[in-house]
Amino acid sequence: GFPPSEPLAMAFFRERSQRNRFRDFLDSSSDWYLATLLATTAVSQLVRLGPRPVTVLDLGCGRGGFCRWLCDHSKSPVRYFGVDQDPGVIALCESKLGGRGTFLCADARRLDTHVADADAIFAINLFPYLINPLPILASCRDLLRPGGFLLSRDPEDSLFWKHELPGFGLTLRGVRDWMPIASESGWRILEIASLGFFSLLGRPVVPIANAIVLVPQDTTVHS
C-alpha cells in the first residue's frame, strides 16, 4: 500500500462527498458505527437526564450523523458544536441541522477560541486521517472541562479495512497502538468498546471498530 498521507486521505473523502449522489444527503443517525457508542459507560451516562445541558464538541462532524444520533438519544439538553474543514458539509449541516447545533468550518488540528469548553469531545473516524495525533490530543485537553472525556471511534487496524480502503493514506490503529499514544499525550484509557463480526464470551473475535474513551491522566474517576 501507499505510505500514510494526511492530504491524500482527506482529499479522497472530500472528493467522495462532492459526488452528486451524496451532495445533498445527511449521514444516517442509525449507521452501524454509532452502535459502539452506547456500549461505553461514559456515553450512556452522558445522554441520561441530567441537571444541566451538556456541551459536546464533534471533531470531523461530516454530514451530521452523530449530531442527529445525539439529539435522538440524549435525555438532557445538548449544546452541540460540529467542526469540519469541508465547507460543503458545513453548509449542508447548517441548512438542515442548524436548529440542533452550531457548525464551524475549521481544521480540527487548529481549533481556536470560537469553540466552547466541552463536557465531551467526540472524534468519530477522525484519527485515521492524522499521521501524528499528538497535537490534536493536546488541543482537546485544553478544550475539555474538568470531569469530561474524549471518545475516539475508529476502524480497527485489520485486514478487513486494509482490503476495503487500500491506498488512501489512512493510518489505522488498534487498541495496542492507542496505549502509548495516550500515555505520551497526557491521557489514559478509561474504557474500550469493540464492534466485530463474531463474538466469544461477549468480545468480538474479529474486531472492525473500537470506541476508546480517554480522560486526562490527572482525572480522578468516581465509580
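**View 1. Arg52, Asp119 and Arg145 join up in a network of salt bridges.** A salt bridge here is a side-chain nitrogen of Lys or Arg within 4 Å of a carboxyl oxygen of Asp or Glu. This is a predicted model, where local features need pLDDT of at least 70 and side-chain atom pairs count only at pLDDT 80 or more, while totals for chains, interfaces and linings use all residues. Residues are numbered from 1 along each chain as its sequence is written, and side-chain values use heavy atoms, with hydrogens and water left out. The structure holds two salt bridges.

**View 2. Asp119 meets Arg52, with 2.8 Å from N to O.** Helices (H or I, at least four residues) and strands (E, at least two) are DSSP runs, numbered from the N terminus. Is each partner buried or exposed? Asp119 has 10% relative accessibility, so Asp119 counts as buried, while Arg52 is partly exposed at 45%. For these words, buried means under 20% relative accessible area, exposed over 50%, and partly exposed in between (1.4 Å probe, protein chains only).

**View 3. Asp119 also forms a salt bridge with Arg145.** The closest N and O atoms are 3.2 Å apart. This pair links distant parts of the chain, with Asp119 in strand S4 and Arg145 in strand S5 (residues 144-155), 26 residues apart. Arg145 is partly exposed, with a relative accessible area of 26%.

**View 4. Asp58 is buried, yet has no salt bridge.** You'll find Asp58 in strand S1. How far away is the nearest side chain of opposite charge? That side chain is Arg153, and it is 11 Å away. For charges, Lys and Arg count as positive and Asp and Glu as negative; His and the chain ends are not counted. So what does Asp58 touch? Leaving out residues up to four places away in sequence, Asp58 touches Phe66, Cys67, Tyr80, Phe81, Gly82, Val83 and Phe122. Contact means heavy atoms within 4.5 Å.

**View 5. Phe66 sits in helix H4 (residues 65-73).** At 3% relative accessibility, Phe66 counts as buried. Apart from neighbours within four places in sequence, Phe66 is in contact with several residues, including Leu34, Leu37, Val56 and Asp58. Leu34 is 32 residues away from Phe66 along the chain, but their C-alpha atoms are separated by 7.5 Å.

**View 6. Ile136, Leu137, Cys140 and Leu143 are buried in helix H6.** Looking down the axis of H6, the buried residues fall within an arc of 120°, so they line one face of the helix. The arc is that of the directions from the helix axis to the C-beta atoms. As a rule, an α-helix has 3.6 residues a turn, so residues three or four places apart point the same way.

**View 7. Asn125 has a positive phi, near 60°, and is not a glycine.** Most residues other than glycine have a negative phi. Where is Asn125 found? Asn125 is in the loop between strand S4 (118-124) and helix H6 (134-143). Asn125 has 26% relative accessibility, so Asn125 counts as partly exposed.
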